Amino acid sequence: MRNRGSVVFLSKFKLRNMREDDIEIIYKNLHLDFVNKYFKNKKQQQKIHKNHSEWYKTHISSFDYSIYIFEDKENNFVAMTSYEILRDIAKVNIYLSKDYRNKRYSQDILSESINKFLSDNRNIKYLQAYILEENIASKKIFENLGFVYNNEKEICNDGLEYMIYRKMVCY
């Protein structure tokens with residue numbers, strides 16, 4: 001890994017902080033299929049798109065969030081990781097572009113992202129991941145990185161039930 005200012009170069013991908021011009025790319029690459037799968041009503045889909053844009057505009061510069069973008073060497077979108085900071089706990093998410101799924105990149109991307117986040121946020125004691133029960137790949141990735149599921153679930157703002165995986169942070 002080489003550090004050049006705010007952009008970190010992994011062996012294959014660049015890691016940088018999210019910018020406002022990433023909002024539409026993220027929606028098209030990561031959220032559109034999810035929205036179409038779980039929300040069939042067009043007005044509801046439009047509302048979700050609007051809320052998506054407003055949410056990211058607010059949270060890009062928030063002290064309570066860290067959002068990272070991964071790009072390939074040609075600056076194509078690869079993945080996004082995000083962290084919502086709640087005192088000494090951070091909720092972590094990873095979203096991988098369809099073009100990069102099933103290629104064994106997720107675990108390395110998530111690991112690099114966690115390292116970057118924790119180096120910038122030394123007060124964090126626990127990381128939490130909220131994973132849909134059907135998402136077997138995510139469960140394996142988080143388990144491989146030391147996250148544990150203790151039979152705890154939560155219904156989130158989107159109305160879906162998520163399994164909560166936790167990891168204690170050791171510095």
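1. Let's start with a term: the bend at a residue is the angle between two axes, one fitted to the seven residues ending there and one to the seven starting there. Helix α1 (residues 23-38) has a kink of about 55°, centred on His 31. Helices here are DSSP runs of H or I with at least four residues, strands are runs of E with at least two, and both are numbered from the N terminus.

2. A quick word on where this comes from. This is a predicted model, in which local features need pLDDT of at least 70 and side-chain atom pairs count only at pLDDT 80 or more, while totals for chains, interfaces and linings use all residues. Residues are numbered from 1 along each chain as its sequence is written, and side-chain values use heavy atoms, leaving out hydrogens and water.

3. Back to α1: which of its residues are buried? They are Ile 23, Ile 26, Tyr 27, Leu 30, His 31 and Val 35. (Buried is under 20% relative accessible area, exposed is over 50% and partly exposed is in between, using a 1.4 Å probe and protein chains only.) Their cover includes α2 (42-59) along with the strands β4 (65-71), β5 (77-86) and β6 (89-96).

4. Now look at how α1 meets α2. Their axes come within 11 Å and cross at roughly 140°, which makes α1 oblique to α2. (Axes are lines fitted to C-alpha atoms, for helices over the stretch in contact, with angles from 0 to 180 degrees between N-to-C directions; under 35 degrees is roughly parallel, over 145 roughly antiparallel, 65 to 115 roughly perpendicular and the rest oblique.) On the α1 side, the contact (heavy atoms within 4.5 Å) includes Tyr 27 and His 31, and on the α2 side it includes His 49 and Tyr 56. By class, the residues of this contact are six nonpolar, six polar and two charged. (Ala, Val, Leu, Ile, Met, Phe, Trp, Tyr, Cys and Pro count as nonpolar, Asp, Glu, Lys and Arg as charged, and the others, Gly among them, as polar.)

5. Helix α3 (residues 106-120) contains Asp 120. Is Asp 120 buried or partly exposed? Asp 120 is partly exposed, at a relative accessible area of 45%. Asp 120 and Glu 20 are 100 residues apart along the chain, and their C-alpha atoms are separated by 21 Å.

6. Finally, α3 packs with helix α4 (residues 136-144) at an angle of about 50°, the axes being 10 Å apart, so α3 is oblique to α4. Ser 106, Gln 107 and Leu 110 of α3 meet Ile 141, Phe 142 and Asn 144 of α4. That contact has three nonpolar, three polar and no charged residues.
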